[in-house]
Amino acid sequence: MKKSFILVFTFLVLSVFAFSEVKIGVINAQDIIAKTKKGNEVQKKLEALQNDAQRKVESLENELKQLQKDLASPALNNDTREKKTREMEDKRISYNRLVQDAQKTIQEESQKELMELQRQIMPLIKQIGESKGYTLILDMASSGIAYFDKTIDITDDVVKAVDAKFPGK
């Protein structure tokens with residue numbers, strides 16, 4: 001639905017400019033993130049967050065596996081078995097909560113970081129568009145472009161501008 005709306009909007013915009021000279025540029029936002037130093041910093045930060053969450057989840061998984069082994073022991077008396085069973089149920093609840101919280105945190109942080117990166121990059125795209133006389137610049141990922149001539153791809157120009165403005169650490 002969103003892509004079809006964007007496609008219809010794009011065609012409407014193009015029809016408005018049909019009688020004037022139109023210069024269209026295309027960017028690939030994912031390439032900009034992957035190729036810029038600033039984008040790489042964001043990716044590394046998100047990967048570190050994900051790795052930290054993964055370590056915590058694996059640690060709790062190991063504790064659950066150990067409790068399962070302990071419960072399988074025939075040497076346990078009933079009181080100890082009941083205590084271990086309650087402990088395992090509590091650990092499972094903690095595990096499920098940890099997984100959900102980690103996913104939510106990673107998703108929120110990812111969205112926050114990518115929105116901030118976009119906020120920083122958009123003025124540079126606008127500046128490139130104005131300085132080079134573009135009427136319209138589209139993002140390949142969100143505009144539903146099936147084909148375009150590579151000569152209108154300005155992704156590399158944007159990458160250079162971002163790296164110049166945000167040289168990285």
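The following dialogue explains how to read several features of a predicted model.

Biologist: What kind of model is this, and how are residues numbered?

Modeller: The model is predicted: local features need pLDDT of at least 70, side-chain atom pairs count only at pLDDT 80 or more, and totals for chains, interfaces and linings use all residues. Residues are numbered from 1 along each chain as its sequence is written, and side-chain values use heavy atoms, with hydrogens and water left out.

Biologist: How many helices and strands are there in the chain?

Modeller: Helices (H or I, at least four residues) and strands (E, at least two) are DSSP runs, numbered from the N terminus. Here the chain has six helices and two strands, in the order α-β-α-α-α-β-α-α from the N terminus.

Biologist: Does Glu113 count as buried or exposed, and where does Glu113 lie?

Modeller: Buried means under 20% relative accessible area, exposed over 50%, and partly exposed in between (1.4 Å probe, protein chains only). Glu113 lies in helix 4, residues 78–131, and counts as buried because its relative accessibility is 12%. Of the 169 residues of the chain, 26% count as buried.

Biologist: Which residues does Glu113 touch, not counting residues up to four places away in sequence?

Modeller: Contact means heavy atoms within 4.5 Å. With that exclusion, Glu113 touches Val42, Lys45 and Leu46.

Biologist: Where does Lys23 lie?

Modeller: A charge sits over a ring if NZ of Lys or CZ of Arg is within 6 Å of the ring centre and within 35 degrees of the ring normal. Lys23 lies over the face of Tyr134, at 4.7 Å from the ring centre.
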